[in-house]
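Hello,

I am passing on the structure we talked about, and I hope you enjoy looking through it. Below it are my notes on what turned up.

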Amino acid sequence: MALIVVETTYNPPIDQAFWDELVERSAPCMTERNITWKRTYLSRDRTHSVCELEAADADTVRAAYQKGKVPYDQIWSANLIETLSAPINAL
């Protein structure tokens, strides 16, 4: 499984009702594609989020978000760097 990052901008800021709706719409699409949610960072002003998922690849996540009509700005594969001294060419 790959680490996938999803970046989203909300204008107006996302509220709890819309957040809950997006979770409900995305859950079946993510389950059928074997996508696992790991964590989400939501900006304090609620205008940006970054989600960390595990999936086969970024295209699989894009397909799930599109099917569930879940908004996103960018979806990309990532490597996790857990130490500041890690050489990036080793990734």
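How exposed is Glu 54, going by its relative accessibility? Glu 54 counts as partly exposed, because its relative accessibility is 31%, and the cut-offs for that class are 20% and 50%. Please keep in mind that this is a predicted model.

First, the overall layout. The protein chain has two helices and four strands, arranged along the sequence as β-α-β-β-α-β. Its C-alpha trace spans about 40 × 30 × 15 Å along the principal axes. Of the 91 residues, 30% are buried. Among contacts with a separation of 6 or more, 64% join residues 24 or more positions apart. The chain exposes about 6,200 Å², with carbon and sulfur atoms supplying 53% of that area.

The largest nonpolar core contains 17 residues, and Ile 4, Val 6, Ile 35, Leu 53, Val 61, Tyr 65 and Ile 75 have the most contacts inside it. Strand 1 (2-9), helix 1 (16-32), strand 3 (48-55) and helix 2 (58-67) each bring at least two residues to this core, and helix 2 gives the most, with four.

Then the charges. The 9 positive and 13 negative charges have mean positions 2 Å apart, and a search of the whole structure finds six salt bridges.

- Glu 54 meets Lys 38 in a salt bridge at 3.9 Å, N to O. Glu 54 lies in strand 3 and Lys 38 in strand 2 (residues 36-42), so the pair ties together parts 16 residues apart in sequence. Lys 38 is partly exposed too, at 35% relative accessible area.
- Lys 67 pairs with Glu 32, their closest N and O atoms being 3.1 Å apart. This links helix 2 to helix 1 across 35 residues, and Glu 32, Arg 33 and Lys 67 form a salt-bridge network.
- Arg 25 and Glu 21 meet at 2.7 Å, N to O. The two are four residues apart in helix 1, so about one helical turn separates them. Arg 25 is partly exposed at 28%, as is Glu 21 at 36%.

Last, Glu 82 sits in the segment after strand 4 (74-78). Glu 82 is exposed, with a relative accessible area of 72%, and its C-alpha atom is 18 Å from that of Met 1, 81 residues away along the chain.

Best wishes

Terms used. Residues numbered from 1 in each chain as written. Predicted model: local features only at pLDDT ≥ 70, side-chain atom pairs only at ≥ 80, totals over all residues. Heavy atoms only, no water. Buried < 20%, exposed > 50% of the residue type's maximum accessible area, 1.4 Å probe, protein only. Contact = heavy atoms within 4.5 Å. Areas by Shrake-Rupley, 256 points an atom, 1.4 Å probe, with all protein chains shown as cover. Lys, Arg positive; Asp, Glu negative; His and termini not counted. Charge placed at Lys NZ, Arg CZ, Asp CG, Glu CD. Core = buried A, V, L, I, M, F, W, Y, C linked by side-chain atoms within 4.5 Å. Salt bridge = Lys/Arg side-chain N within 4 Å of Asp/Glu carboxyl O.
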